[in-house]
Amino acid sequence: MTDAPSAIPAAPESGRLVIDRALVCSSVRRGARLITETVLVPSLLLYVSIFTIGQVGGLIAVLVWCALTLAIRWRQGHHVPRTLLLAVAMLVGRTSIALALSSVYVFLLQPIAGSALMATIFLVSAAVGRPITLHLARDFITLPQFFLDDRRARRMFTQVCVIWGVSRLIDVAMSVGALHLGMSTGVLSRGLLSTSLTVLSVVICTAWGWSRIARMPNFSIATA
């Protein structure tokens, strides 16, 4: 008589994904302020300066804005986030190079290259079945192991990864096309159109992921 096979643990009948609402709201506020301080305002300063004080004056104005942004944070006694320091450092770096070469085009090419790199990372991670969006989601959502093991959940993260990667490719094409229309158009596109595309992409990715999870009968979403 052979021993009876050991029982296979049954998958949980239901599970709950806990979203830290306070963390999400604070992250949205920080992200909006970061975009305003390091993308929108510098782009508008440069755009206005091109028609008034010239390219070099515009690049100097961007450097002054960077210094002013950090000075105000420190003066108010606020903690300066590392993400802001990194963003400002990158902005100062590319502005300084553009100023040294007296070319606004150099200022615009770096974020285009960054979008191309991001598109590559997201699309490759989706293609190899290890979507980077899964790891990013863990910053906002408590993800139990049984959810990570669900093929539908991993497919959803892969799809979101593809959506974001494609949006970065669109950003590259849009920015390069705007540059062909002229430097001022390129600056305005980088500040307004690229920012709008980023916000729209975040909304689409969030809505898509939420709708996929809502269709999974064994899972529910709760806020904490």
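Helices here are DSSP runs of H or I with at least four residues, strands are runs of E with at least two, and both are numbered from the N terminus. On that basis the order of elements from the N terminus is β-α-α-α-α-α-β-α-α-α-β. That gives eight helices and three strands.

Before the details, the ground rules. This is a predicted model, in which local features need pLDDT of at least 70, side-chain atom pairs count only at pLDDT 80 or more, and totals for chains, interfaces and linings use all residues. Residues are numbered from 1 along each chain as its sequence is written, and side-chain values use heavy atoms, with hydrogens and water left out.

The protein has 224 residues, and 36% of them count as buried. Buried means under 20% relative accessible area, exposed means over 50%, and partly exposed is in between, with a 1.4 Å probe and protein chains only. Contact means heavy atoms within 4.5 Å. Taking contacts between residues at least 6 apart in sequence, 73% join residues at least 24 apart.

Now the core. A nonpolar core is a set of buried Ala, Val, Leu, Ile, Met, Phe, Trp, Tyr and Cys residues joined through side-chain atoms within 4.5 Å. The largest one has 18 residues, and Leu-46, Val-62, Val-104, Phe-107 and Leu-108 have the most contacts inside it. Two or more residues come from each of helix H2 (55-75), helix H3 (82-101), H4, helix H7 (151-180) and H8.

Not counting residues up to four places away in sequence, Phe-107 touches Leu-46, Leu-59, Val-62, Leu-91, Arg-94, Thr-95 and Ala-98.

Gln-110 is in helix H4. How accessible is Gln-110? Its relative accessibility is 30%, so Gln-110 counts as partly exposed. Beyond its neighbours within four places in sequence, Gln-110 contacts Met-90 and Arg-94. Between Gln-110 and Leu-91 there are 9.5 Å, C-alpha to C-alpha, and the two are 19 residues apart in sequence.

Helix H4 (residues 104-127) packs against helix H8 (residues 183-214) at about 40°, with the axes 10 Å apart. Axes are lines fitted to C-alpha atoms over the stretch in contact, and angles run from 0 to 180 degrees between N-to-C directions. H4 is therefore oblique to H8; angles under 35 degrees are roughly parallel, over 145 roughly antiparallel, 65 to 115 roughly perpendicular, and the rest oblique. Among the contact residues are Val-104 and Leu-108 of H4, and Met-183 and Arg-190 of H8.
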